[in-house]
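Dear colleague,

I am handing over the structure below, and my notes on what was found in it follow directly after. Please read them alongside the sequence.

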Amino acid sequence: MTATRPDPWTDALAAARLLMIDREGLKGAIVRAQPGAARDAWLDALRACAPQDAPLRRAPAHIDDERLLGGLDLAATLAAGRPVASRGLLAESAGGVVLLAMAERCPAATGARIAQAMDGAHPRFVLVALDEGLEAEERAPDILAERVAFHVDLDGVRAHAAPQMGDDDIRLAQVRLAHMPPANEALIESICAAAAAFGVGSTRAVLFTLRAARAAAVAAGRDTVEERDLALAARLVLAPRARVAPAEPEAQAPPPDDDPAQTPEASANAESAADRLVEAVQSALPADFLAQFLEARAERRVEARSRGAGAAARSARRGRPLGARAGTLRTGDRLDLVATLRAAAPWQPLRQRESDVEARVLVRREDFRVRRFVQRLESTTIVVVDASGSAALQRLAEAKGAVETLLADAYVSRARVALIAFRNTSAELLLPPTRSLSRAKRSLAALPGGGATPLATAIDHAAMLAQSERAKGRTPLIVMLTDGRGNVGRDGEAGRAGAESDALAAARVVRAAGFASVFIDTSPRRRPGAEDIAREMGAAYAPLPFVDAGAVADVVRIHAPTRR
Amino acid sequence: MRAVFPFSAIVGQDDMKRALMIAAVDPGIGGVMVFGDRGTGKSTAVRALAALLPPMRAVKGCIFHCDPDADAGACTPDCPSRTSRAAPKTELVATPVVDLPLGATEDRVIGALDLEQALTRGEKRFEPGLLARAHRGFLYIDEVNLLEDHLVDLLLDVAASGENVVEREGLSVRHPARFVLIGSGNPEEGELRPQLLDRFGLSVDVKTPATIVERVAVVKQRDAFDRDPEAFVAACAQADAAVRDRIVKARARRHRVDVPEAVMERAAALCIAIGSDGLRGELTLIRAARAHAALEGADVVDMAHLRAVAVPALQHRLRRNPLDDVGSAPRIARALDELFDT
């Protein structure tokens, strides 16, 4: 493969152009970038392609439903004394562009509303989600990412002057697009094959690629899709969605011969076209780091998948609204305006009669309704398992079993489970906090064991994770599964004495932070050392010489923070 | 109104299509849960099926588009069927498909005091929610597993009782709300509580088409539809009409379809063999088999019908051993083989 890495800025501009040519088919873009020159330049380019009179509305990520979808305009209704409906921002943006600012902060619910509008009968707006996330898990809602064609990443991209199309050219291209003959089968086949090679399962992605290729062709003034159009489309649509690295051509299994009707040449043609497409996508990925890149992305996908639950937890921290109750407005209470008006409404005719104040609505103190929330306590059980020494494999297997048993409970109790294993000189987070059993099964498939025991490092690691879970509003529970005989200190030096004092120091940190913990002693005979560490941790001590998954899970259940 | 992708043009996904059709024939089965990745055509199938169903006769002027026969007298006091002495006028309306957005509030789902009327006229009126709109149609919830638990409970409760009871803000309203609940979700994004899962009648898995050939076919159909929706719909009209015909006939035939004792025994044996909890599994299995037989034009349920619906009717009701990697479907398949091949 010799394709040179295309200039990302040129590609990004192409995305803006194609988006404006086929607005209905391509639906939008997610622009991942910090605010800055590159993003501004991209938005300028988009604006330059948009029709002159097209509205461009900016929606903040925390926009409320009334504003987004429209509803009763309360202020105007009260002023006019008759119902005044307001149009939502999405309706106002018909024919134009909705800019969703700080899309990475956009709640899943808002994302779902926008997605519904995009799927619905009157979308007719282009969504540009400005994603300013820094970390992998800070991203625009997946439900939107799925529904827009382009994911443009402008991080580290420098804008430079490039020829652009004016809106006249765009109109011309649109006319041409409308008269384009339907796509031939070989074209669709090569896109499908390329999508399959990169593990892109969604039919939307394939359709977006097809649309983008057609738009690219008309943008270049052609009536048929050529290979470079397809390559551009694949780079823009498929590359950001890639989940797996394609198999090397040599290693590739022969394609299933399930289509005997097709002539060998035609099939071979489609096949080689697909191969070239795969190359094009690969060229859009950083060449040297393809493997790592894809790995990170796969990681990110997994992250994203479990994030759904995380998002729910975020809203849960504020608690689910439990309706409003009558109350006075003290500091910190939130007035539920609509509920207050509802409470006041039936009395209006009566009050109007006895009042001498000219007002549309007479709201009295007893009408005040204050929002209430139910806090949902979520917990994260952090299982820290000793993977060192000879009994490691057995212990690991039982720890894994315990994790899965706990997760099987998790959907009842809304608990998350994480697993840290430690051996030799380090502790490793094998399973980040998750509620998904299928994910746990995947990550815990193979666990290495044996070696020295870095107990202090493991406790530090657990405390750090517990801290970050607490910061997310969850209650952590640390479960140690070890015989407590550390022999590697925090500095990685072997030596029993140093290791034990380090472990005690680490344990004290856990107690000082107030994390609930359980210490399951797996040594065949009780020893004071393990109990000391348990005491310093403030942990419940449970000697369990014959570890088994069920017993571990039981111990955890007993000590788990009370839920709900 | 934008054209809807025709049901008959959906490539593959036979399990999902069959489950949806069974639910359309017998809404009492209790909804369908569809598991699968994004972009596999779940919502397309639901919308397509609803668009294909024949229009329903409804009481004219009723906000719940209630059924003049079944709902007579059961609707709210405002309904023309109760206010007028004469037989109410009726009209034909399309089968509704209501989307429940993830962030929907309880207000919007069950209905609330009509603020507009209350503020401007001081009248206490009920503003129907999404449940009212979904009456006699489909309520589609994308990503059910992300929905707040209390809302799911509420939905399942209404779906099971067929009636929405609102007692809030000084309102006291009850109105019929019979709908087919269709949930979709991705199991990797957090699982559904088993007690919720159990309340769905059928459950199916949809997957991305495995072969390139099938994927190409999917894309071709969709592309052709997007390019010229009207022409595409017209081209599929006949095939869609055939499906509609089957459903309409099956609805009428369902009540006459006989379930022989032997089939019932086999169904019970199957449920015992796989250890499904409670009787709901058996009841659903029989009902689904009957609806399926009706769709096939049969007068008597035979073993093949039972087999065809066993996995969707039971796979979500098995008590799972978390350490067992074998999915539920293979376990049922194994039990089926053992029971039927002897």
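**A helix pair in chain B**

In α13(B), the residues B:Met303, B:Arg307, B:Ala310, B:Val311 and B:Leu314 meet B:Ala329, B:Ile332, B:Leu336 and B:Phe340 of α14(B), a contact meaning C-beta atoms, placed from the backbone, within 7 Å. These residues comprise eight nonpolar, no polar and one charged. The model is predicted, with pLDDT of at least 70 needed for local features and 80 or more for side-chain atom pairs, while totals for chains, interfaces and linings use all residues. Residues are numbered from 1 along each chain as its sequence is written, and chains are lettered from A and ligands numbered from 1 in the order in which they are written.

The axes of α13 (residues 303–314) and α14 (residues 328–340) of chain B come within 9 Å and cross at roughly 155°, which means that α13(B) is roughly antiparallel to α14(B) (the term covers angles over 145 degrees, on a scale from 0 to 180 between N-to-C directions). The crossing of α13(B) and α14(B) is right-handed.

**Chain A**

Of the 564 residues of chain A, 45% count as buried, that is, with 20 or more other C-beta atoms within 10 Å of their own.

Methods: Helices (H or I, at least four residues) and strands (E, at least two) are DSSP runs, numbered from the N terminus. Angles under 35 degrees count as roughly parallel, over 145 as roughly antiparallel, 65 to 115 as roughly perpendicular and the rest as oblique. A crossing is left-handed if the near helix is turned anticlockwise from the far one by less than a right angle, and right-handed if clockwise. Two residues are in contact if their C-beta atoms, placed from the backbone, lie within 7 Å. Ala, Val, Leu, Ile, Met, Phe, Trp, Tyr, Cys and Pro count as nonpolar, Asp, Glu, Lys and Arg as charged, and the others, Gly among them, as polar. A residue is buried if 20 or more other C-beta atoms lie within 10 Å of its own, exposed if 12 or fewer, and partly exposed in between; C-beta atoms are placed from the backbone.
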